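Q: Could you take me through how to read the contacts, burial and sheet layout of a model like this one?

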Amino acid sequence: MAHASFYVGCTVPQLLRGAQSRIFPSRSALRVLRHSAFCYCTGNGTIKSKRKMDHLERTANNFRQEVITQAKVCGITNESETVKRLRLAIANKDFTFKAGQWVDFFIPGVSVVGGFSICSSPGLLEREGILELAVKHTVHPPAHWIHTECTLDSEVALRVGADLHGYQEGKGNRHKLGTAKLYYSAKNTSELLFKKNILGLMKAFPGKITCCFHVTQQRTQICQELQPHITEGRISEKDLEKHVSNDTSWYICGPPPMIESMSKLLTNIGVPRNCVFFEKWW
């Protein structure tokens with residue numbers, strides 16, 4: 001996702017192994033998925049050029065679960081003018097994930113493999129067998145397919161990867177977060193995805209979860225419900241320095257320039273590097 005959210009507080013083995021539901025892809029469809037994923041995973045390992053690395057290359061050394069599952073699109077909604085929420089029915093009962101993980105996204109007939117953060121909770125998967133992704137429109141083939149060709153009942157394949165990355169290895173560091181403060185920046189309020197969910201959490205956990213929305217190019221009137229939580233302009237050093245303490249963890253999510261600038265900002269205000277975490281696979 002290209003939204004700047006700031007939080008305080010190779011081969012594919014037997015593609016779609018273990019699939020059990022008859023409503024999911026046919027054998028011919030599975031062969032297409034298997035061939036597409038295999039060719040991409042094995043072929044790109046020897047490519048040497050100055051082009052921008054793709055998802056599987058950037059994450060080649062990151063942990064992945066062995067389970068690859070087939071999935072069927074069971075819902076598509078527009079979260080904003082540029083972002084679609086994809087709702088996927090998962091076939092494999094052994095498929096699991098933890099909050100903050102992402103998926104490799106295999107599309108029949110598309111050689112490029114996508115990488116998208118999961119925006120639903122593990123609980124939704126456990127209860128309903130459903131996983132959700134929020135995908136911003138770009139020219140990147142997987143994202144472009146989702147916005148232009150994907151329909152209800154489209155069939156894809158997924159594999160979970162994990163890469164919440166800290167500046168230093170910190171296996172011994174266990175941060176127990178008592179409260180959470182979210183700084184969430186976007187161009188305008190229509191691009192503040194899941195704002196209703198966030199407001200709902202703030203009401204459900206008063207004093208424990210708070211949020212400050214930042215907008216940088218707002219051109220329309222801000223609704224009354226959002227007004228108390230909106231700040232014009234980017235997230236600044238002044239916003240964050242009041243939260244610096246020895247027991248605060250910092251999580252950054254956004255495009256690379258934002259991650260880099262925020263990481264430097266945090267260093268400047270005295271945040272220890274082993275307390276800063278971010279997704280580095282963009």
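A: Begin with one residue and its contacts, a contact being heavy atoms within 4.5 Å. Beyond its neighbours within four places in sequence, Ile118 is in contact with Phe97, Gln101, Trp102, Val103, Leu131, Glu132 and Leu133. This is a predicted model: local features need pLDDT of at least 70, side-chain atom pairs count only at pLDDT 80 or more, and totals for chains, interfaces and linings use all residues. Residues are numbered from 1 along each chain as its sequence is written, and side-chain values use heavy atoms, with hydrogens and water left out.

Q: Where does Ile118 lie, and why does Ile118 count as buried?

A: Helices (H or I, at least four residues) and strands (E, at least two) are DSSP runs, numbered from the N terminus. Ile118 lies in the loop between strand 5 (110-117) and helix 3 (122-128). Buried means under 20% relative accessible area, exposed over 50%, and partly exposed in between (1.4 Å probe, protein chains only). Ile118 counts as buried because its relative accessibility is 10%. Buried residues make up 46% of the 282 residues in the protein chain.

Q: How many strands are in the open sheet, and what is their order?

A: Two strands pair if DSSP finds at least two bridges between them. The open sheet has 6 strands in the order 5-4-7-2-3-6, with antiparallel pairing. Strand 5 and strand 6 are the edge strands, each pairing on one side only. Strand 3 and strand 6 run antiparallel and are joined by 7 bridges. Leu86 has Leu133 of strand 6 as its bridge partner.

Q: Which residues have the most contacts inside the largest nonpolar core?

A: A nonpolar core is a set of buried Ala, Val, Leu, Ile, Met, Phe, Trp, Tyr and Cys residues joined through side-chain atoms within 4.5 Å. The largest has 24 residues, and those with the most contacts inside it are Leu88, Phe105, Leu131, Leu133 and Leu158. Elements giving two or more residues to this core include strand 2 (64-78), strand 3 (83-90) and helix 4 (141-148). Leaving out residues up to four places away in sequence, Leu158 touches Val67, Leu88, Phe105 and Leu131, among others.

Q: How many disulfides does the structure hold?

A: A disulfide is a pair of cysteine sulfur atoms within 2.5 Å. The structure holds 0 disulfides. Cys212 is in none; the nearest cysteine sulfur, that of Cys211, is 6.9 Å away. Cys212 counts as buried, because its relative accessibility is 13%.
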